[in-house]
Amino acid sequence: MDSVRPARQACSHGISAIARRVAPLTAAVLVLTTSGFAPAPFASHAHVPASAAATAEDDQETEDEPADPASDPEGSESAESADTAEGSDADRPLDVVVLVDESGSLSDADVEEETQAASTIAQSINNPGSRVTVVGFGSDIEGGSTLRAARDVCRPTVVDEGTGRQYLADCVSDLRRRESEEGNDTDHAEALRVALEHLDDGPDGAMRIVFLLTDGTLDVPRNDQYGDTPAERREGAEDALDDRLARARDDRVQIWPLGFGSRIDRDRLDDMAASGHDRSCESQEVARPTARVAESSEDVVRSLQEALAAASCSGLGEPDSDVLGPGDGLDLTVEIPVIATEGTLVVNKNDPAITVEYVDPAGVTVPLGEDEYDGSAISHSGRNSAVEVLHIGYPRPGAWTVRLTSPPGGGEELVTATAQWQGRIRATLTHGGEQAPGGDLDVHLTLRTRDDDVITDPEAFEALDFALTADGLGLDGSSVEVRDDGAGADPATGDGEFSGVLTLPDQEGTLHLTGTVRGPGVAADQRTLSLSIARGGPPLGAAVAFDDVPGELWTGMSGAGEVTVTNNGTEAEEVALTLNAPAGVDARLTPATVTAEPGGTGDPVAFTYEIVGVGSPGAGTLEVVATDVAGTWIGATQPLHVQVREPPGLLERYWWAWTALLVLAVVCGVALFVWRDLRLRAAEVRGLVVELRRSDGEPVGNGLRALSGGRSTEFPFVIRADGADPRLEHPARPREPHFTVTRDGPERVRLRSPDGRVLPLRIGALSEAVHGRLGIHVSDSRRGAGRGPRPDGRRVRTARNGRPPGPGDDGPRSAEKDVWI
């Protein structure tokens with residue numbers, strides 16, 4: 001038992017030491033997470049050792065014209081029109097008005113398809129903050145119609161606020177074919193007027209879009225507002241429509257007509273599309289408004305989905321369709337690409353009673369009653385309508401299963417599932433080779449996903465348009481051919497890095513390399529890298545490196561690095577340091593400038609960075625860029641792939657301390673258990689035997705052994721004197737007055753009398769008289785070999801003085817008289 005005591009003390013000291021270490025760290029964490037810094041702006045570039053990289057986060061193309069890097073030698077943010085000042089078109093909200101023809105020429109099937117098409121548009125929009133209005137239109141008639149020529153079927157509704165999408169899924173059911181007295185002719189001019197009025201007070205910075213669904217031409221023979229005769233009325237309505245189209249162009253409103261049936265005027269629909277605003281989605285040709293003609297009403301939904309995808313800068317996957325019988329189940333499959341950051345699954349089920357489940361590529365069923373799944377926000381609408389839609393932020397890429405179940409007793413239904421998505425791609429531009437007049441410069445363009453992974457899938461490249469151009473030094477926008485074939489400057493085939501060689505003109509100056517990527521459903525990304533071309537190499541160069549490589553960023557963390565500047569000029573130069581962090585991350589870099597003395601390479605200069613705040617969790621690149629006073633790139637750190645996350649808690653941040661505490665606690669727990677067990681074993685009275693003896697050591701009556709059951713630490717007994725000789729017995733009643741023997745170490749016991757007196761006693765010795773002239777003798781059968789009884793039950797030893805020990809004798813017991821029973 002004594003051997004355990006040092007371990008117990010060590011445990012106590014170890015826990016105290018770790019606690020002393022953790023306490024100030026905990027206080028430091030509280031300071032870091034509650035202190036704030038003023039956010040500082042920072043530019044965006046990139047670099048790899050022995051080459052260079054640029055990833056200017058905000059070098060976006062303006063809506064009307066591409067950015068001209070040659071006109072921006074400092075590599076600063078390019079100018080933007082008012083329409084794109086708030087960022088990429090894919091990020092801008094949409095203000096959409098769906099104009100739906102309610103004329104009398106419609107069939108019931110036409111109305112049903114129009115309703116599904118309007119519902120699909122209303123529910124499918126991904127752009128946050130978007131607003132949708134649905135307007136049903138016919139015409140006015142002489143004497144007045146019982147319905148307005150253009151009426152709000154669904155009031156202006158922000159789709160991602162509250163139950164906006166569900167409201168839109170429900171309200172479209174009010175669309176119908178008009179009767180004659182309700183004004184069932186076709187007045188496109190009045191419909192467009194109402195649409196433009198709604199768009200006047202839409203969300204700030206929104207792209208304004210009108211979708212027009214019609215089965216015929218402009219037809220207002222009974223509307224006397226336009227003239228007295230049918231011919232005058234037709235001409236007046238056409239003039240009014242031209243006025244509305246001119247206003248639409250002035251107000252930057254796109255018009256996407258969709259005609260179906262045999263009565264449509266295709267030329268007039270084309271004119272409507274061309275007359276409105278014709279630029280969106282970073283001016284991609286696929287997003288230019290065009291008229292569409294569906295062969296039949298059954299094609300209306302798909303045609304309108306294609307128009308919506310083009311207008312909203314979204315990608316649209318191939319639909320999967322099949323016939324679902326009554327009481328049957330059916331699985332449809334749609335694909336969401338790896339570049340998707342927003343996903344929408346649209347299910348046209350026709351019968352509202354059909355139920356739908358959504359299973360992701362990992363086989364997990366999306367919980368439709370929740371607001372979040374797999375760390376992403378989800379929104380579900382249209383459960384009880386003919387069109388059902390699931391929105392997912394950051395969906396898992398791959399094949400999604402749409403599982404449909406039809407109730408018994410219904411009819412067969414053609415069901416269709418389609419995936420619509422928006423994505424982000426980031427281009428990284430790097431260079432190597434000879435940075436001198438007449439030299440061969442290696443250039444590399446890499447495309448990365450939202451998680452900063454390099455895109456290597458050939459299918460992902462098929463729909464993308466990316467290019468690399470060079471400006472300055474007389475190159476004037478020359479294209480640089482890049483390939484991913486492992487030949488020439490390209491390191492490997494199919495690794496996602498596209499490489500080429502640019503032979504530089506034999507002159508000094510500034511070269512601008514611009515990499516651009518765009519495509520359907522992808523926010524366009526443009527990166528510009530400015531290089532100084534000089535004989536003998538650039539006069540200024542910098543080697544920049546982080547001390548430690550951070551894998552994650554969170555508010556309150558910090559790091560360090562150093563920059564070494566080479567100045568081959570004759571005068572001192574100022575070098576600016578800029579921290580490029582992922583989107584939404586505010587950071588501070590110190591120092592912001594370094595002075596480089598002329599005459600070669602200077603001493604390393606340390607820098608530090610602090611993360612002031614972070615936006616949404618995600619992935620990105622962290623790097624420090626060095627530029628000269630003109631903003632020309634002269635060096636940068638290796639671009640580091642990092643994860644942006646919430647600050648770690650105390651448990652995660654000081655895992656080493658908690659691990660040490662846990663290990664120490666386990667060791668101490670085991671030691672404490674062993675120590676307690678040894679103490680308990682040492683205190684057990686099992687094996688003790690008590691006897692009454694005279695002063696000469698002669699036993700009187702019987703010996704009494706402690707009960708062996710359990711792990712008792714007390715041995716109670718009583719002295720019975722109702723016979724010829726007194727005898728020892730166990731108490732007959734719980735509260736009966738009694739003697740008690742307890743152990744007090746390996747060689748001693750304590751004898752407590754009924755009146756509470758405590759008599760210390762050495763095992764094998766005789767106590768003072770406790771009953772007449774008789775004392776208590778205690779022996780222990782657990783004390784090892786040589787202590788057991790003789791066959792006759794008794795063994796007598798002789799003490800050193802030739803007599804048994806007397807009452808209270810605590811001296812060494814080399815020999816005494818023991819009686820064993």
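Modeller: The contact between helices α4 and α5 is made, on the α4 side, by His188, Ala189, Leu192, Arg193, Leu196 and Glu197. Facing them in α5 are Ala237, Ala240, Leu241, Arg244, Leu245, Arg247 and Ala248. Contact here means heavy atoms within 4.5 Å. By class, the residues of this contact are 8 nonpolar, 1 polar and 4 charged; Ala, Val, Leu, Ile, Met, Phe, Trp, Tyr, Cys and Pro count as nonpolar, Asp, Glu, Lys and Arg as charged, and the others, Gly among them, as polar.

The model is predicted, so local features need pLDDT of at least 70 and side-chain atom pairs pLDDT 80 or more, while totals for chains, interfaces and linings use all residues. Residues are numbered from 1 along each chain as its sequence is written, and side-chain values use heavy atoms, leaving out hydrogens and water.

Two packed helices are described by the angle between their axes and the distance between the axes. Helix α4 covers residues 188-199 and helix α5 residues 230-250; helices (H or I, at least four residues) and strands (E, at least two) are DSSP runs, numbered from the N terminus. Their axes are 8 Å apart, at an angle of about 25 degrees. That makes α4 roughly parallel to α5, a label for angles under 35 degrees. Axes are lines fitted to C-alpha atoms, for helices over the stretch in contact, and angles run from 0 to 180 degrees between N-to-C directions. The crossing of α4 over α5 is left-handed, meaning that the near helix is turned anticlockwise from the far one by less than a right angle; clockwise would be right-handed.

A second pair is α2 and α7 (residues 300-311), whose axes come within 9 Å and cross at roughly 25 degrees. These two helices are therefore roughly parallel to each other, but α2 passes α7 in a right-handed crossing. From α2 come Glu113, Gln116, Ala117, Thr120, Ile121 and Ser124, and from α7 Val300, Val301, Leu304, Gln305 and Leu308. This contact has 6 nonpolar, 4 polar and 1 charged residues.

What does Ser124 touch, not counting residues up to four places away in sequence? Ser124 touches Leu308, Thr344, Val346, Val389, His391 and Gln420. The helix that holds Ser124, α2, spans residues 108-124. With a relative accessible area of 0%, Ser124 is buried (buried is under 20%, exposed over 50%, partly exposed in between, with a 1.4 Å probe and protein chains only). The side chain of Ser124 also reaches the backbone oxygen of Thr120 at 2.4 Å.

Outside four places in sequence, the contacts of Glu102 include Gly136, Phe137, Arg151, Asp174 and Arg176. A polar atom of the Glu102 side chain lies 3.3 Å from the backbone nitrogen of Arg176. The C-alpha atoms of Glu102 and Gly138 are separated by 5.5 Å, although these residues are 36 apart along the chain.

Last, some backbone points. Most residues other than glycine have a negative phi, and most peptide bonds are trans. Tyr394, in the loop between β15 (387-393) and β16 (398-405), has a positive phi near 50 degrees. At 45% relative accessibility, Tyr394 is partly exposed. Asn350 also has a positive phi, near 65 degrees. The peptide bond from Thr590 to Pro591 is cis, with omega near 0 degrees.

Notes
Angles under 35 degrees count as roughly parallel, over 145 as roughly antiparallel, 65 to 115 as roughly perpendicular and the rest as oblique. A polar contact is a pair of N or O atoms within 3.5 Å; within protein, one must be able to donate a hydrogen and the other to accept it, and residues adjacent in sequence count only if both atoms are side-chain atoms.
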